[in-house]
Amino acid sequence: MAASQEGTQLTSQHRRAQLALRATTTNDMKLIWPMFDGSDASYSAFVDAAINMVMARQETSSGLASAYYQRFRSAEGVAGEMIPKLAPRLGSGLIRAALFATGLAGTRRAIGAGQTTAAALDSGLVQAAGAAARLVLDGGRRTVDDTVAADPKAKGWVRITSGHPCAFCAMLASRGAVYKTAKTVAFQAHDHCSCSSEPVFSEGAIPESNRRWEQLWREAAGGQDNQLNRFRRALAEQATQAATDTAPVAE
Ligand SMILES: [Zn+2]
């Protein structure tokens, strides 16, 4: 967690705000998806409608992260001011390519696999909405990344996952903070990823969950073959265990 309690709260508020933005994006994708009737031309029209929405939301995501960064920095007791570096705006070509590679390709693949048109369209929508949400939320993640890189007081950033992250995200979180070096790794996110990042101003200020994944990684996967698969299984077992622990007692 952040070094300060206020910082921890700000991070959790920020994550919730980004998740709400993701939900709105998904919802808007659902609303315009019916423009696509299976043809290339209709898909192109759908993408045209989606582009402005994704661009605007990505800027909102960057703006949320920028405000969060400043408040978090001062909550953590860092003196002086840092003007955040907003993520670059998305180009329409990038959005177009991402939506064609997911929604259209996904629908065609599902039809090729023998699904009904309705089912294939549903699966295409899920993929297109996932890609749109990643592009949108990358705005906030990139803003934190770039500001950390430019901020002389920041030591690095740490991945903030949901309570039940996928194995890929839990694995990255298990590595703890990404400290600044000459060649710092950029934030990696997949479609549908709900992770965000928190700046680190004092070493050791790592969230409890990240420490838990780190321990699980060491116990379940460290130094063995198929590390990610072993980790995925251990994570699933832990989730089942947690569900059992909190399940209401049947009468
Ligand atoms: Zn994630």
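Contact here means heavy atoms within 4.5 Å. This is a predicted model, in which local features need pLDDT of at least 70 and side-chain atom pairs count only at pLDDT 80 or more, while totals for chains, interfaces and linings use all residues. Residues are numbered from 1 along each chain as its sequence is written, and side-chain values use heavy atoms, with hydrogens and water left out.

1. Ser162 touches Arg15 and Ser194, not counting residues up to four places away in sequence. Ser162 is found in the loop between β1 (156–160) and α5; helices (H or I, at least four residues) and strands (E, at least two) are DSSP runs, numbered from the N terminus. At 18% relative accessibility Ser162 counts as buried, the cut-off being under 20% relative accessible area, with exposed over 50% and partly exposed in between (1.4 Å probe, protein chains only).

2. Seven of the eight residues of helix α5 (residues 167–174) are buried, so the helix is largely enclosed by the rest of the structure. Among them are Cys169, Met171 and Leu172. Gly176, which follows α5, has a positive phi, near 75 degrees.

3. Rings of Phe, Tyr and Trp (its six-membered ring) pair if their centres lie within 6.5 Å; planes under 30 degrees apart are stacked, over 60 edge-to-face and the rest tilted. The count by this rule is eleven aromatic pairs. Trp33 and Phe36 pair edge-to-face, 5.2 Å centre to centre with 70 degrees between the planes. Trp33 is buried at 7%, as is Phe36 at 5%.

4. Trp157 and Phe187 form a tilted pair, 5.2 Å centre to centre with 35 degrees between the planes. The pair links distant parts of the chain, 30 residues apart.
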